[in-house]
Amino acid sequence: MEKIYENKEQFIEQYRQHVRALSGKEFEDTSDIDRFTALANMVAGDARVIAAKTDERNRTEGKKRVYYFSIEFLIGRLLDNYLLNLGIRDLVADAIADMGGDLDEIERQEPDPALGNGGLGRLAACFLDSMAHEGIAGYGNGMRYRYGLFKQEIVDGRQVEVADEWLSKGYPWEVKRPDKAVRIGFGGHVVSRQEGDRTFYSVEGTDDVLAVPYDIPIVGYGGETVNKLRCWSAEPIDDHFDLDAFNAGDYTGADRDRANAEAISAILYPNDAGEHGRLLRLKQEYLFVAAGIRTLLDTFEREHGKAWNELPRYVAIHTNDTHPAMCGPELMRILMDEEGLTWDDAWEIVTNTVSYTNHTILPEALEKWPISTFSTLLPRVYQIIDEINRRWRESFDMSKPESAERLRATAVLWDGEVRMANLSVICSHSVNGVAKIHSDILKASTLKDFAAMRPEMFNNKTNGISHRRFFAEANPTYAKLVTEAIGDGWLDDARELEKLTAFEGDPAFLERVGASKLANKQRLADYVKRECGLTIDPNTVFDVQVKRFHAYKRQLLNIMKVMDLYNRRLADPNFKIQPTTFIFSGKAASSYTFAKEVIRLINGVAEVINNDPRVNDVIKVCFIPNFRVSNAQLIYPAAEISEQISTAGKEASGTSNMKLMMNGALTLGTMDGANIEIVDLAGRENEAIFGLTTPEVDALRASGQYFAWDVVNSDRARLGRIIDQLLDGTFAGLSGNFESIHHELMFNNDYDLVLKDFHSYVDAWESLTATYPDAQDWNRRALHNTAMSGWFSSDRTIREYRDEIWHA
Ligand code: H2P
């Protein structure tokens, strides 16, 4: 790796200059935020120099470019990651210490933008890291939300959403590129014009906004490749400001156009419960798709002229979930309406360029838009979708008995709605799921008709994580130990972690694994004390469930286990519990009442248990507010048990399971998502598996023989008591009882089978924690999990996408 700075002295000199140029002060007189801004500016500048070289190289080598379209990129803080990737982290830390500063403190000034909901957005960010590491010319194309999702605060146990002003202190990584702005039209009406035997279409009378890009450099490990993430922001077109209105005192009215345009990129929508049908969301989707397609075509044209039939050879467009589903129709529109290609030629190009990843089988998450809304907002794109749908229908031989049902399942337009998942499949040459079981379920049920018709386009790409961010950077004590043992080649190639298996029989090494875990637990305990005022004991087991709140993820099952342990201990003070701290973190979509009630229940239970001296030496419950990439990096390394307890068949993959495994936590989980691959890699004996399997869940549901009341009545003593406690005031101190949870379990017949899996879950937890006192064996299993986790590096995932989908 070429060094950017020869030595500390050279770095210090340049850094001082940067600080002076930005703040007009000497380093010693600046605040940490000034120091951060200057350092990030400087690193971003260095990165852009490498980016220019990368671009030059890509051009001369005629590399295929991959555009990853995603409405979410949960990138986290970048400074530490970039210093590591550029190979200068230690040098910079030392130098700043010599200057009397503290790199950690400086890094904590960086905003942690909430530009994603959870796993999907974080996956996209890990992919950017890995594409740069693998030397792929890969670009993120997304949205720059002014407020992101929301900042979560907990008030009386309840989640309260507040705007996240992540841009208020400036964001030194981004560069605004007004010269690359794209005009985007909404509404209007389609007009046609005849040229010979061809009809050309265009849209008149549109309401336009400007999509303005902000570029963020993406630094690959090794410092050879710097790619970029382009995020689009909406602005009004031009002279929007109404001076007359302003002078007449109508300040809001004077700037109305700006407010209307900027609303499009103001917030990120939560990805579940009741947000569909929102016009702004549809505008967001079109804005980042249309602007992204426009710029990638400009780049192509600069390099290859108008040889559009070569597009699939030089460009891959990957659509992350259904939000960018308009990539296909928008590309059709430009190729036909602006470049004059025929439908057939354009279609050939589109379907060979576009590919699609599905992330969920939950029907409510497969986007659908009312045709009336869609066709009014985007008349020409709709017309193209209508034609795609018509041709699709025509391709069916209706004399075959299966055709009617297949058409019903695969049509794009149905029941007055545009079905974005079907559109995504039809416009693509490849469809993948994100873990083996998920890809199988897609083929066997969710998209089974497509799979029957076009089996060759379906494939699996099991998710991955950036092991550099979530292990090397998040867990420096453990990473150091690993590097001492096997060298630092694992940073480049995570498969090398497997060499750690040689140390599984080495008691001294295992003791150091344990010591590093303890240090990480202490670090998290300090954070919890600072953030929540709660004291947690690093000598207890740290049992962790951190992820978006959703019924199928069953945070409810976890807290019911805690209630059960509490009840049994009160009933019998000799009931043995391995002292444990139960740690939860995650956001619930603002409109998702049930998920928010589960958060309230967890905090209600925490309030009681943490203040009850009869139990709080063996159980503590800790809800860490505002889960985000930066505090996740403190939580994963401290975890000993990884709770992955979704109803089997529902979690497409999960990625916290991988992050926790890599950091040496043992999985307590169902056979769901990538838990299955975890078990395959590390061995079932090194995890704790419980609960119904997917076929058992399906069979039980199909039988119609599941009755929540029966399950509860068969165990009045434990389950019955918990159910009663939802209503009897036991945990109501902060803000009342939990009627809606009670109702969901008992009157909606427990759709997620929480009660059904309850006993096998609690038993599995008890057996697992009973093995905790044998520290050496526990540490051995932890080490084994780390050793076998290298396969989950997103470098591996990206190589599979590269070789099998993008052919880049
Ligand atoms: C989703 C799925 C996860 C998957 C992730 C990335 C939508 O993330 O549910 O199972 O691992 O995409 O593919 P999440 O639930 O965390 O929002």
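Modeller: Buried means under 20% relative accessible area, exposed means over 50%, and partly exposed is what lies in between (1.4 Å probe, protein chains only). R16 has a relative accessibility of 21%, so R16 counts as partly exposed. This is a predicted model, in which local features need pLDDT of at least 70 and side-chain atom pairs count only at pLDDT 80 or more, while totals for chains, interfaces and linings use all residues. Residues are numbered from 1 along each chain as its sequence is written, and side-chain values use heavy atoms, with hydrogens and water left out.

Now the pairs themselves. Side chains of opposite charge can pair when their charged atoms come close. The rule for a salt bridge is a side-chain nitrogen of Lys or Arg within 4 Å of a carboxyl oxygen of Asp or Glu. By that rule the structure holds 63 salt bridges.

One of them joins R16 to E28, with 2.8 Å between the closest N and O atoms. R16 sits in helix α1 (residues 8-23) and E28 in the loop between α1 and α2 (32-61), so the pair links distant parts of the chain, twelve residues apart. Helices (H or I, at least four residues) and strands (E, at least two) are DSSP runs, numbered from the N terminus. E28 has a relative accessibility of 44% and therefore counts as partly exposed.

Helix α2 also holds N41. Contact here means heavy atoms within 4.5 Å. Leaving aside residues up to four places away in sequence, N41 touches H18, L22 and P172. N41 counts as partly exposed because its relative accessibility is 26%.

A second salt bridge pairs the side chains of D80 and R89, at 2.4 Å from N to O. D80 has a relative accessibility of 11%, so D80 counts as buried. R89 is partly exposed, with a relative accessible area of 23%.

D449 is buried, with a relative accessible area of 11%, whereas R406 is partly exposed at 22%. Salt bridges can also share residues: D55, E56, R59, R65 and E303 are linked in a network of them.

Next, the domains. Their bounds come from an automatic or database domain assignment. That assignment gives domain 1 (1-61 + 80-110), domain 2 (62-76 + 112-429), domain 3 (435-463) and domain 4 (516-788). The centres of domain 2 and domain 4, taken over C-alpha atoms, are 37 Å apart. The contact between these two takes 28 residues from domain 2 and 30 residues from domain 4.

The size of an interface is often given as the accessible area lost when the parts come together. Buried area is that loss (1.4 Å probe), summed over both parts. Between domain 2 and domain 4 it is about 2,300 Å², with carbon and sulfur atoms giving 56%.

Charged pairing is also found at this interface. Across the interface of domain 2 and domain 4 the rule finds one salt bridge. K596 forms a salt bridge with E161, and their closest N and O atoms are 2.8 Å apart. A polar contact is a pair of N or O atoms within 3.5 Å; within protein, one must be able to donate a hydrogen and the other to accept it, and residues adjacent in sequence count only if both atoms are side-chain atoms. Across the interface of domain 2 and domain 4, nine residue pairs are in polar contact, both residues being at pLDDT 80 or more. On the side of domain 2 that touches domain 4, α6 (119-133), β3 (151-155) and β4 (158-162) each supply at least two residues. That side of domain 2 has ten nonpolar, nine polar and nine charged residues. In this count Ala, Val, Leu, Ile, Met, Phe, Trp, Tyr, Cys and Pro are nonpolar, Asp, Glu, Lys and Arg are charged, and the others, Gly among them, are polar.

N603 is buried, with a relative accessible area of 11%. Not counting residues up to four places away in sequence, N603 touches I154, G157, F623 and L734.

Terms used: Buried area is the accessible area (1.4 Å probe) that two parts lose on being put together, summed over both.
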